[in-house]
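Here is a short briefing to read alongside the model on your screen.

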Amino acid sequence: MIQTSTPSRKLIQTALVAMTAATALLSACGESPATVGNPADAELSAIAVTEISPNGSSTSDISLSWSGIPGTAKSLKFFRRKSSESLSSAEQLEVLNGTSQQTLKDESPSLEADVDYIYSIRADNANNIAVASAQSEPIRIISASSVQPFGITVPEGNNVTLKDPLGTGHQFSWEDAGTGLYHVKVSDATGKVLWGAITKNTTISYGTTSGTERKEGSSVSGPMDPKLEVPLALTNKLVISSARPDPARSEVPLVGIGSTAGYTIQVSAIETRPNKGDLKGANSIAIRKAQEVRFVAQ
């Protein structure tokens, strides 16, 4: 047995203290998602998005949104790891100076389909000490093959004239893509979105209230069916129109179709997981767009 003198033990203790301080400093500088001190619990939501073009090519990204960040926070640090990896191996993705931003997109080409990812957020004060932290649930990117191609059936082709002699609205329809959920967007010739909605149907009449009206007695904007509400991280991707638009959710004013003017309609099939048809509760979605169709309204 090797014995050490009192001075030697003091040197060892001093070295251990220094090593502990150095580790804490590295963590505070953002090289690890490990927290320092006793941070509050924040909330971090992550949604994996696979977008499939009509020709079958696809891109994937993961959209993040968060809440519960205290006013003492001065910066936000984000980390990503595979669920099979330890917390210490997490990769730092981004550092945001300030806390006004509420969403972030991870577009790394290294993201893989059918792999579980976990994200972490650290909110640090001016001294790089964590004041809040959160971790997402594991999420998985959906393979592009999960959504079959489909087409718009009405209008049946470009430059078709649609008439509305009774003033009840123009009718649109599309093939069943098997997802049970669709995003419909009508734009004018300049690209301005006039109407956007989430629907479970494969046919709509322009101007229906699904996805366009604010909930009665609520300051939250969204479709009448709560499962169809677009998550905050996706409000720029799945644009919703409203008679009373909410700028915080990137909503656009609901505008009707005029007469003898050119428009386009874009329909996107949406696969949601873990539960089909539940957009609000989804942590993974796949979006396949049909070919955009131009039409003339009368």
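Which order do the strands of the open sheet of three strands have? The order is β10-β12-β15, and the pairing is antiparallel. Strands are DSSP runs of E with at least two residues, numbered from the N terminus, and two strands pair if DSSP finds at least two bridges between them. This is a predicted model, in which local features need pLDDT of at least 70, side-chain atom pairs count only at pLDDT 80 or more, and totals for chains, interfaces and linings use all residues. Residues are numbered from 1 along each chain as its sequence is written, and side-chain values use heavy atoms, with hydrogens and water left out.

- Strand β12 (residues 171-174) runs antiparallel to β15 and is joined to it by three bridges.
- Phe 172 has Ile 204 in β15 as its bridge partner.

**Nonpolar cores**
- A nonpolar core is a set of buried Ala, Val, Leu, Ile, Met, Phe, Trp, Tyr and Cys residues joined through side-chain atoms within 4.5 Å; buried means under 20% relative accessible area, with a 1.4 Å probe and protein chains only.
- The largest core holds 29 residues, and Trp 174, Ile 265, Val 267 and Phe 295 have the most contacts inside it.
- Strand β18 (261-273) is among the elements that give two or more residues to this core, and β18 gives the most, with four residues.
- A second, separate core has 23 residues, including Ala 42, Ala 48, Leu 96 and Val 115.

**Around strand β19**
- Five of the six residues of β19 (residues 284-289) are buried, so the rest of the structure largely encloses this strand.
- β2 (residues 43-52) runs parallel to β19, with five bridges between them, while β18 pairs with β19 in the antiparallel sense over six bridges.
- Ile 287 in β19 stands opposite Glu 51 and also opposite Ile 270.

**The largest pocket**
- A pocket is an open set of points on a 1 Å grid over the protein atoms alone, where a 1.4 Å probe fits, with protein on both sides within 12 Å along at least five of seven lines; lining residues have an atom within 4 Å of a point.
- The lining has 27 residues, and those nearest the centre are Glu 43, Ser 45, Ser 65, Trp 66 and Leu 232.
- β2 gives the most to this lining, with five residues.

Terms used. Buried means under 20% relative accessible area, exposed over 50%, partly exposed in between (1.4 Å probe, protein chains only).
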